[in-house]
Amino acid sequence: MSPPPTPRGPMVAPRRPSPMDACPVHALRRRLQSAHLRPTRQRVALGWLLFAKGNRHVTAEMLFEEARRVKAPVSMATIYNTLHQFTQAGLLRSIAVEGAKAYFDTNTSPHAHFLNEETGDLMDMPAVDLAGVDMPPPPPGYEVHRVELVVRIRKSRKPVSKPQAR
Ligand SMILES: [Zn+2]
């Protein structure tokens, strides 16, 4: 009888790709699990609404309305809790815009925003380099966690120059 082979390196075998990887709901469950969130039915349902449409900016009210439309029975409190849990877990980025209105961004990579003051719409800004910004250091005992840039825009008050008619 030969001795069992000595395990080398980490004991955990790498996960083999499975046909289930192609299933978006399965992928979402795995994404929640790797963020240390138990994939409850409500989290999967709300995660599906949040992440299945590409990068976007969502408010609690928008998500509540979307859940209502697909007949997912969730309360506003659940919506708030889930959005905050997802944000804590790094799946969403919260953007404080107006007093009461908080946007949650499914794109968690650093980027800046335009806020349309008239419609309340938030738009991603093309890449902006903040490295050259001369910022004072934070108060003693604090460090900069991240820089959030929201540029507020409105319809131009200047007359739009029209091409000259012949
Ligand atoms: Zn964004």
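Which pattern does the protein chain follow when read along the sequence? The pattern is α-α-β-α-α-β-β-β-β-β, with four helices and six strands in the chain; helices (H or I, at least four residues) and strands (E, at least two) are DSSP runs, numbered from the N terminus. This is a predicted model, in which local features need pLDDT of at least 70 and side-chain atom pairs count only at pLDDT 80 or more, while totals for chains, interfaces and linings use all residues. Residues are numbered from 1 along each chain as its sequence is written.

Of the 166 residues in the protein chain, 11% are buried, a residue being buried if 20 or more other C-beta atoms, placed from the backbone, lie within 10 Å of its own. In helix α2 (residues 41-51) the buried residues are Arg 43, Leu 46, Gly 47 and Leu 50. Seen down the axis of α2, these residues fall within an arc of 105° (taken over the directions from the helix axis to the C-beta atoms), so they line one face of the helix. The elements that cover them include those tabulated here.

| Element covering α2 | Residues |
|---|---|
| α1 | 24-34 |
| β1 | 57-58 |
| α3 | 60-69 |
| α4 | 76-88 |

Strand β1 also belongs to an open sheet of three strands, ordered β1-β3-β2 with antiparallel pairing, where two strands pair if DSSP finds at least two bridges between them. The edge strands are β1 and β2 (93-96), each pairing on one side only. Between β1 and β3 (residues 102-105) the antiparallel pairing runs over two bridges, and Val 58 stands opposite Phe 104 in β3.

Methods. Buried ≥ 20, exposed ≤ 12 C-beta atoms within 10 Å, placed from the backbone. Contact = placed C-beta atoms within 7 Å.
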